[in-house]
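Please consider the following structure as a whole before turning to its individual elements. The explanation below is intended to be read alongside the sequence and the coordinates.

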Amino acid sequence: MKRKQAWTLYKKEEETAIEELCSGYRRFLDAGKTERECIKEAVRLAKKKGYRKLSECGRIKPGDKVYAVHSSKTAVFFQIGTDLQGEVSADLDTDEGAGAAAFRIIGAHVDSPRLDVKQIPLYEESNQVYLDTHYYGGIKKYQWLSLPLALHGVVVHKDGTKTLVQIGEKEEDPVFVITDLLPHLGKDLLEKKVREFIDAEKLDLLIGNRAEKGGRAVEYIRQLLMQKYRIREEDFLSAELEVVPAGNARDCGLDGSMILAYGQDDRSCAYAALLALLESSEMQLEHTCCCILADKEETGSRGATGMHSRFFENTVADLLEKLEIRQDKVQNGNAVQKRQTDRKLGHILQNSQMLSADVSAAYDPLYETYFEKKNAAYLSEGVVFCKYSGSGGKAGGNDASAEYMAKLRRIMDEAGVVYQTAELGAVDRGGGGTIAYILAEYGMDVIDCGPAVLGMHAPWEVLSKADLYETVKAYRAFYQEA
């Protein structure tokens, strides 16, 4: 099949739109290097478009825009469609209208591979002070050596107050580093397998070296932590501190056609999904449109803020209970409404359709044997649809139906979206998936969809500006026309 190079199709006004989009995207990445920061920035953008906190709303109705946040690390945003009003207003004593309403969901994750500071991290060795770390998600450990690193996160004190930490991003800030061994002494290391090149317990962050007269370097660091940040050593027990690459997202290439940044897997999709929803905020939508920004995908989507939790389902139930219902249909007050909500919830989720928004692995000619070229994703050839995920024999993944794929083809073609299809690497080389299979358990149609990225899971990843632009177009078309 003939592929389209997106850049060759753009007019001047579209090139200007791409630069405007990517300027906002870089600011989003710089503001959200952790899941907490990312959710905070997403809520800020949503509030500017009139979104209200669901728990603070009374009755809601079609056209309303609401959101919910759980534990500061995962969030869901809804624009209420007209069909949902009809669904919850159906006859309470029958299944008339059951399944008529459906959501249009785009779900991304906002966590990225990184290093986490351990609970008992601070120590001194040979006059050098370190923080002990534990890596999070799938990383190549050697890639984190000799990089300028920043420290982001929160320290929660026993009295419940919080100290927000962000060190290493401002020009005047210090940065941190994990040291590497000089090649003159490390010849035997070069004979090791990559996964054995550095032990995980050696990924420790160098944070200081200075000692005051008669004291030790670690004592001076303890004083600085208390004076500057009100952090005692025991406060590390109730802290979430993340080590991330220091520095801002940058244009990449002489032609400025790409973006080099940390965390584009999967904050590129998170930004695109949220932006597409916010851009639809003035429209009257038939279906309720939903943007999910989830945590913990890089470690299996488990835990209270992962997609396996009941947060999304419970929030949808809360939303249905807050919809305005014709008073002549309400019998016995809230008890009847609650029974109705429970019955309708399953129908709505089963009839919903979803784009599992995550990046795909871009074909890299430097590693060509790891891809199957006909079914690989390529930079600047548009948003990528991965019909099936998993590894080997599609194990553990989601496989979208041919009917759903055909519908998406029609939507994308009518909206003028440049898109491609791909697998994640050669059959017995590749594999993976995100949250698609979790939402598919409700019976809804789900497919993976997002831009291609070079260097996925590296401290710095590469994305084509054209692919981000086409991803936003695709998500917008899905919300507005699906």
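The paragraphs that follow move from the whole chain to a sheet, and then to a single helix and one of its residues.

The model is a predicted one. Its chain contains 10 helices and 22 strands. The C-alpha trace spans about 80 × 60 × 45 Å along the principal axes of the chain. For 482 residues, a compact globule would have a radius of gyration near 23 Å, and the chain, at 24 Å, agrees with that expectation. Of the 482 residues, 52% count as buried. The accessible surface of the chain amounts to about 22,600 Å², and carbon and sulfur atoms contribute 49% of this area. Among contacts with a separation of 6 or more, 77% join residues 24 or more positions apart.

Nine strands form an open sheet with mixed pairing, in the order 1-2-3-13-4-14-20-16-18. Its edges are strand 1 (52–53) and strand 18 (419–421), each of which pairs on one side only. In general, the strands of a sheet pair through backbone hydrogen bonds, in either a parallel or an antiparallel sense. Strand 2 (residues 65–70) and strand 3 (residues 74–79) take the antiparallel arrangement, pairing over 6 bridges. Within this pair, Val66 has Phe78 of strand 3 as its bridge partner.

Two helices that pack on this sheet can be described next. Helix 2 (residues 35–48) touches strand 2, strand 3 and strand 13 (288–294), and its direction makes about 20° with that of strand 3. Helix 6 (residues 311–322) also packs on the sheet, where it touches strand 2, strand 3, strand 4 (103–109) and strand 13. The direction of helix 6 makes about 35° with that of strand 3.

How does helix 5 sit in the structure, and what are its dimensions? Helix 5 (residues 264–278) has 15 residues and reaches 20 Å from its first C-alpha to its last, close to the 21 Å expected at 1.5 Å a residue. Because 15 of its 15 residues are buried, helix 5 is largely enclosed by the rest of the structure.

Is Gln264 buried or exposed? Its relative accessible area is 0%, so Gln264 is buried. Leaving aside residues up to four places away in sequence, Gln264 touches Tyr25, Leu29, Ile259, Val359, Glu461, Val462 and Leu463.

Key. Residues numbered from 1 in each chain as written. Predicted model: local features only at pLDDT ≥ 70, side-chain atom pairs only at ≥ 80, totals over all residues. Heavy atoms only, no water. Helix = DSSP H or I, 4+ residues; strand = E, 2+ residues; numbered from the N terminus. Expected span 1.5 Å × (residues − 1). Buried < 20%, exposed > 50% of the residue type's maximum accessible area, 1.4 Å probe, protein only. Pairing = 2+ DSSP bridges. Contact = heavy atoms within 4.5 Å. Axes fitted to C-alpha atoms, helices over the stretch in contact; angles between N-to-C directions. Rg over C-alpha atoms; globule rule 2.2 N^0.38 Å. Areas by Shrake-Rupley, 256 points an atom, 1.4 Å probe, with all protein chains shown as cover.
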